[in-house]
Amino acid sequence: MKYTFQDSTDLPLQRDFIQDLNEFIEIAKKVIPMENSAIELSEEETGEISSLEARIEEIESFSKDIQQYVDDRAKGAQDKEILECRNAIIDACIETSNHGLKELTQKLELIKRQSESGIYKIEMDLLNNLNPLFESGIYGANKTYYVSTKEGTLKGILKASFSGVEYASDLTYAHETLSVREVYGELSLPTWTKAGIFSKENKVKMIDVSEHIITSMNYDGNKHIDVSFENKKGDHKFKVVSDNDTYQIYHGELDITSDETLLRSLRVDNVSGFVEDVRKYMEMFIKHQKLTHIMLDGKDAVRNNEVFDCLKLIAEQYGDIVRESLDKGYVKNEITIKIEATDGTRTEKYITKEEAFDQLAELGSEGLELASILGVD
């Protein structure tokens, strides 16, 4: 697919922007009320918790003052009756205050547990509803991939950042286990082996690693890639490290690329192709992606009710494209893109400023602010 503005200039990102914009609006309509509910719940329960904590503190202070007062009044007394009265008052004060403190403390702990449970549920709902947006609708994010085989299954973690926002997602890949052949095809690497009938000598041997199982892959989103793989027995382990199109290859502790003799037997073009296919696999063969957390300026954006602030930063990305689309469009107030399929078929997609504004206006002040950032007000 090829995506252009209405004047046939390419979109800055080759994506269906109208679909992304519609999805952004729909997700905003879901998550902003959720976050507002979380804020209201937090405020209500914070008030109740503060009230209970104040009552507990008051009872403790009152009990302490009474005991101190009675103790001071009885100081120096010799009469048995006065001392018995002192002890009885203090004992009664302690018993009564402890009973009240126990009930209030239990109530406080229950409210805190219920509050945490309710907030946690909203947080999970927020992350689930934000997942489609963070799965595909974030433009220009710096992404790092960490993939490894755990308990016989290939799993990954994506960490990404943009404009002060950091987020992470759990990744499930198309393969449960992955061989070198499934990523690239046939690959052989040189190493040393002992050979000879009467005297053992070191000789170069090409090891076919095509059936080796990949145990880890990492990609920093820029120039660094490393991939480790081993045979089924686990006694032949290899690691390929690529930085700025330079390569280091290890067989166990042996650095193949630092040995001139082994290096002459290495097909660097095959290694380069393998590394590139590993990168493509990490980016393109994700079966499922689950958003796990979002951070804004180093703090948990969901827990701190700052999801709306994150949406505003995403809206800034989209707003640039909205304004460019309006500038390059032929119909006033229509955000339009053209799509050319691989077979040459051309279609147009659009949404009017009024349609986008009306949907966002349903959200009240937050929606109006997003509309302004998007440039559809």
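**Figure 1. Salt bridges across the model.** The whole structure holds 19 salt bridges (a side-chain nitrogen of Lys or Arg within 4 Å of a carboxyl oxygen of Asp or Glu). This is a predicted model, in which local features need pLDDT of at least 70, side-chain atom pairs count only at pLDDT 80 or more, and totals for chains, interfaces and linings use all residues. Residues are numbered from 1 along each chain as its sequence is written, and side-chain values use heavy atoms, with hydrogens and water left out.

**Figure 2. The Arg86–Asp71 salt bridge.** The closest N and O atoms of Arg86 and Asp71 are 2.8 Å apart. The pair links distant parts of the chain, 15 residues apart: Arg86 sits in helix α2 and Asp71 in helix α1 (residues 17-73). Helices are DSSP runs of H or I with at least four residues, strands are runs of E with at least two, and both are numbered from the N terminus. Arg86 is partly exposed at 24% relative accessibility; Asp71 is partly exposed at 30%. Buried means under 20% relative accessible area, exposed over 50%, and partly exposed in between (1.4 Å probe, protein chains only). Cys85 also belongs to helix α2 (residues 80-136). Its C-alpha atom is separated by 9.1 Å from that of Ala74, eleven residues apart along the chain.

**Figure 3. Asp125 and Lys121 within helix α2.** This salt bridge has its closest N and O atoms 3.2 Å apart. Both residues lie in helix α2, four residues apart, about one turn of the helix. Asp125 is partly exposed at 27%, while Lys121 is exposed at 53%.

**Figure 4. A salt-bridge network at Arg181.** Arg181, Glu186 and Glu211 are linked in a network of salt bridges. Between Arg181 and Glu186, the closest N and O atoms are 4.0 Å apart. Arg181 is partly exposed at 34%; Glu186 is exposed at 61%.

**Figure 5. Stacked tyrosines.** A search of the whole structure finds eleven aromatic pairs. Rings of Phe, Tyr and Trp (its six-membered ring) pair if their centres lie within 6.5 Å; planes under 30 degrees apart count as stacked, over 60 as edge-to-face and the rest as tilted. Tyr145 and Tyr219 are stacked, 6.2 Å centre to centre with 10 degrees between the planes. Tyr145 is in strand β2 (residues 142-150) and Tyr219 in strand β7 (residues 213-219), so the pair ties together parts 74 residues apart in sequence. Both are buried. Tyr173 and Tyr281 are also stacked, with centres 5.5 Å apart and planes at 20 degrees. Tyr173 belongs to strand β4 (residues 165-173) and Tyr281 to helix α5 (residues 268-284), so this pair ties together parts 108 residues apart in sequence. Tyr173 is buried at 3% relative accessibility, and Tyr281 is buried at 3%.

**Figure 6. Nonpolar cores.** The largest core has 53 residues; those with the most contacts inside it are Phe17, Phe24, Phe134, Ile294 and Leu311. A nonpolar core is a set of buried Ala, Val, Leu, Ile, Met, Phe, Trp, Tyr and Cys residues joined through side-chain atoms within 4.5 Å. Leu311 touches residues including Phe24, Val31, Leu130 and Leu370 (contact: heavy atoms within 4.5 Å). A second, separate core of 32 residues includes Leu171, Tyr173, Ile207 and Leu266. Phe17 and Phe24 also form one aromatic cluster with Tyr139 and Tyr318.

**Figure 7. Lys312 in helix α6.** Lys312 is found in helix α6 (residues 307-328). Its relative accessible area is 19%, so Lys312 counts as buried. Beyond four places in sequence, Lys312 touches Glu369, Leu370 and Ile373.
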